[in-house]
Amino acid sequence: MTSIFAKAAIAALAMGFATETMAEEWNVSVWGKRRAFTEHIEKLAELVSEKTNGEFTMNISYGGLSKNKENLDGISIGAFEMAQFCAGYHPDKNPTITVLELPFLGVNTLEEEVAVSHAVYAHPAVQKDLARWNAMPLMTSPMPQYNIVGTGEPRDTLEKMNGMRVRATGGIGQAFKAIGAVPTSVTSSEAYTAMESGVVDTVAFAQHAHFSFRTIDQATWWTANLNPGTVNCPVVVNIDAYEGLSDANREALDSSVDEAMAYYLTNYGKTFEKWDAVLAEKNVTKVMMSDEEIAKFRATAADPIRDEWITKMEAQGIPGQELYDLVIETLKKQRM
């Protein structure tokens, strides 16, 4: 009898240890401060914790774990389990994803941006590309089309943009370069200082970033309808960490992505509502580019940059044409 009780006690103790080892704590590296751009990550952490009764938690660090341009490197060595980064910060590290940063793709809504991003992330070439960094794409961070804020005389024609120093990364930076502007890829966190010190004349951001990084505080004008493109910023997880999750924790993570994205889209709508009020409050002039100027911009930047990108990718053994076609086909399906 004593032996039975002893065995039962040992089994109970072992179960206690097993339960304890199932607890999972992930570190998540982002940057800046909590804002519309990170709300899906915050929501994901909340949902995962709820579904696992606190057994799976995420510690979201805003700049405390890594610099934003080094988040992919941190993922590769397992310095943290999840991170957000933007493809335009280091296109050579993630060339396949840069298809989503080509100028004038024609993406009109955040919902369309989610659809094309997730279609591209699911492509085998993209998964292979990110696997070089031991990274697996989890979800995107959809942003609307970028527009620029600036000071002084509004730049409402391509001629006036010639020589303009603009903070712009990825395909947007290439587009501005094509019309004679001078792009610089300072990080979002450095944009305010760059504008204040005169390193740049203008800054290209989505609305939430103009708020978060205070570039709107220096602006006297902004282009309301230039819409040259946007930046693509995936949220990725370390493959080893993902595969090391228990079935229950992995299910909690995977099943929370769609709900986190839906929350992000709803929340970002509030940013759109706030934007016009802030423009009026700060007396920022809304510059509307003419259809003719936008058409000239598109003709100068869109086709040549796209063709150059496809050629460059194919030369590296990357299916550039296939990835571009996937974006266009996904857009068509999304609009049906």
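These exercises, each with a worked solution, walk you through one predicted protein model.

**Before you start**

Residues are numbered from 1 along each chain as its sequence is written. The model is predicted, so local features need pLDDT of at least 70 and side-chain atom pairs count only at pLDDT 80 or more, while totals for chains, interfaces and linings use all residues; side-chain values use heavy atoms, with hydrogens and water left out.

**Exercise 1: The overall picture**

Find how many helices and strands the protein has, and what share of its residues is buried.

*Solution.*
- Step 1: Helices (H or I, at least four residues) and strands (E, at least two) are DSSP runs, numbered from the N terminus. The protein has 14 helices and eleven strands.
- Step 2: Along its principal axes, the C-alpha trace spans about 95 × 45 × 40 Å.
- Step 3: Buried means under 20% relative accessible area, exposed over 50%, and partly exposed in between (1.4 Å probe, protein chains only). Of the 336 residues, 53% count as buried.
- Step 4: A contact means heavy atoms within 4.5 Å. Among contacts with a separation of 6 or more, 77% are between residues 24 or more positions apart.

**Exercise 2: The disulfide**

Which residues does the disulfide join, and which parts of the chain does the pair link?

*Solution.*
- Step 1: Look for a pair of cysteine sulfur atoms within 2.5 Å, which is what counts as a disulfide. By this rule there is one disulfide.
- Step 2: The partners are Cys-86 and Cys-233, with an S to S distance of 2.0 Å.
- Step 3: Now place them on the chain. Cys-86 sits in the loop between strand 3 (82-84) and helix 4 (110-121), and Cys-233 in the loop between strand 9 (221-223) and strand 10 (235-238). The two are 147 residues apart, so this pair links distant parts of the chain.
- Step 4: The torsion about the S-S bond is about 95°, so the disulfide is right-handed.
- Step 5: Both Cys-86 and Cys-233 are buried.

**Exercise 3: Helix 4 and its cover**

How many residues of helix 4 are buried, and what covers them?

*Solution.*
- Step 1: Helix 4 has twelve residues. From first C-alpha to last, helix 4 reaches 16 Å, close to the expected 16 Å; the expected span is 1.5 Å times one less than the number of residues.
- Step 2: Nine of the twelve residues are buried, leaving helix 4 mostly covered. Among them are Leu-110, Val-114, Val-116 and Tyr-121.
- Step 3: The cover includes helix 5 (124-131), strand 4 (135-139), helix 12 (257-281) and helix 14.

**Exercise 4: Two helices that cross**

Describe how helix 13 and helix 14 meet.

*Solution.*
- Step 1: Two packed helices are described by the angle between their axes and the distance between the axes. Axes are lines fitted to C-alpha atoms, for helices over the stretch in contact, and angles run from 0 to 180 degrees between N-to-C directions.
- Step 2: The axes of helix 13 (residues 291-315) and helix 14 (residues 320-335) come within 7 Å and cross at roughly 135°. That makes helix 13 oblique to helix 14 (under 35 degrees is roughly parallel, over 145 roughly antiparallel, 65 to 115 roughly perpendicular, and the rest oblique).
- Step 3: Helix 13 makes the contact with Arg-306, Trp-309, Ile-310, Met-313 and Glu-314, and helix 14 with Gly-320, Gln-321, Leu-323 and Tyr-324.
- Step 4: Sorted by class, the contact has five nonpolar, two polar and two charged residues. Here Ala, Val, Leu, Ile, Met, Phe, Trp, Tyr, Cys and Pro count as nonpolar, Asp, Glu, Lys and Arg as charged, and the others, Gly among them, as polar.

**Exercise 5: Buried or exposed?**

Decide whether Ala-194, Thr-187 and Ala-315 are buried or exposed.

*Solution.*
- Step 1: Ala-194 lies in helix 8 (residues 191-197). Its relative accessibility is 7%, so Ala-194 is buried. Beyond four places in sequence, Ala-194 touches Val-186, Val-199 and Val-200.
- Step 2: Thr-187 lies in the loop between strand 7 (182-184) and helix 8. With a relative accessible area of 8%, Thr-187 is buried. Leaving aside neighbours within four places, Thr-187 is in contact with Asn-68, Lys-69, Tyr-89 and Arg-167.
- Step 3: Ala-315 belongs to helix 13. At 70% relative accessible area, Ala-315 is exposed.
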